[in-house]
Amino acid sequence: DYLDYGYDESGNYSTTVNIEPKVTAAISYCVSGETPIVYTLTGQGEQELSNGFKSALEMDNYNVQNLDLLSSPGIPSDCSLLIINAPSADIPEAVTDIIKEYMDQGGKLFVVVDPNDMYKNLNKFLLSYGVKVNEGIMLEMGSGYFMGNYPTYLLPTLANHDITAPISKAGYKILCPIVKGLSTESVNAYDVTELLVSSAQSYSKVDTKSDNIEQTDEDISGPLSAADVVTDASGDGVLFVSGCSSMGVDEIDGYVA
């Protein structure tokens, strides 16, 4: 269990020793007296968590379980975090009402939107916390802000925040392929921090079927955000939103890690 097998950046099969996090997770499991549970929402065609993402949660002593709120009476009281991972269909209003009640009682929510979909109910719910999901797909024209010759593969600026600090300190970037741009709206009792920010030369292309990638009057000008965190009046984080459903995929993470 202390060995991980995979491929390095050169494509060579490799074996790595991974003792410290697994021992740390085991100690945490022994002394905590409980294993926090993370529920991932199902029922709307949600994207499966990648192996690396799920493994990272389990290594931090979280138990990951599925939850279908269309057939369940509500969110269990032992839910430490609810994940909505890139659903392919909108979240029914009855479900967002259940999630809102959970949030009002101190719940924590992690949301990833699918850039190919424009949700009505889910976007209205996110807007109530100050996060606006814009139409279209982000294009980046700023030098150094995208990968290779792909203006839809963003390399945004990491904001100065506790969440991004370990990544910045290690000298890594975050690659965000195909992004639904996020904007901030003012909402009482909540503060929104943009974690991954595009350049001033970026914009959201509203007509995604257009052959013209040049910015037009209908497009939404940057800078925009690829991920936000929302805190309440006490300063506690309550909501994380990502506009990139590929950011946590193992293959994409491997390009920059």
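Predicted model: local features only at pLDDT ≥ 70, side-chain atom pairs only at ≥ 80, totals over all residues.
## Helix 3 and its surroundings

Helix 3 runs over residues 93–104, and its 12 residues reach 16 Å from the first C-alpha to the last, which is close to the 16 Å expected at 1.5 Å a residue. Within helix 3, the residues Val95, Thr96, Ile99, Tyr102 and Met103 are buried. These residues lie on the same side of helix 3, because they cover an arc of only 115 degrees around the axis. In an α-helix there are 3.6 residues a turn, so residues three or four places apart point the same way.

The buried residues of helix 3 are covered by elements that include strand 3 (37–42), strand 5 (79–85), strand 6 (109–112), helix 4 (121–127) and strand 18 (237–242). On the face of helix 3 turned away from its buried side are the exposed residues Ala94 and Asp104. Gly106, which follows helix 3, has a positive phi, near 100 degrees.

An open sheet is formed by 3 strands in the order 8-15-16, with antiparallel pairing. Its edge strands are strand 8 (137–139) and strand 16 (220–221), each of which pairs on one side only. Strand 15 (residues 203–205) is joined to strand 16 by 2 bridges, and the two run antiparallel; here Ser204 has Ile220 of strand 16 as its bridge partner.

The peptide bond that joins Gly222 and Pro223 is cis, with omega about 0 degrees.

## Strand 17 and its two partners

Strand 17 (residues 225–232) is mostly covered, since 7 of its 8 residues are buried. It pairs in the antiparallel sense with strand 14 (residues 190–197) over 7 bridges, and Val229 in strand 17 is the bridge partner of Thr193.

Strand 17 is also joined to strand 18 by 5 bridges, again with the two running antiparallel, and Thr231 stands opposite Gly237 in strand 18. Strand 17 and strand 18 form a hairpin with 4 residues between them, and Gly235 in the turn has a positive phi of about 90 degrees. Strand 18 is also among the elements that cover the buried residues of helix 3.

A search of the whole structure finds 0 disulfides. Cys176 is in no disulfide, and the nearest cysteine sulfur, that of Cys244, is 4.8 Å away. A pair of cysteine sulfur atoms would have to lie within 2.5 Å to be a disulfide.

Cys176 counts as buried because its relative accessibility is 0%, and Cys244 counts as buried because its relative accessibility is 2%.

Most residues other than glycine have a negative phi. Asn61, in the loop between helix 2 (51–59) and strand 4 (63–68), has a positive phi near 75 degrees. With a relative accessibility of 7%, Asn61 counts as buried.

Ile178 also has a positive phi, near 60 degrees, and lies in the loop between strand 12 (176–177) and strand 13 (182–184). With a relative accessibility of 30%, Ile178 counts as partly exposed.

Conventions
Residues numbered from 1 in each chain as written. Heavy atoms only, no water. Expected span 1.5 Å × (residues − 1). Buried < 20%, exposed > 50% of the residue type's maximum accessible area, 1.4 Å probe, protein only. Arc of directions from axis to C-beta. Contact = heavy atoms within 4.5 Å. Pairing = 2+ DSSP bridges.
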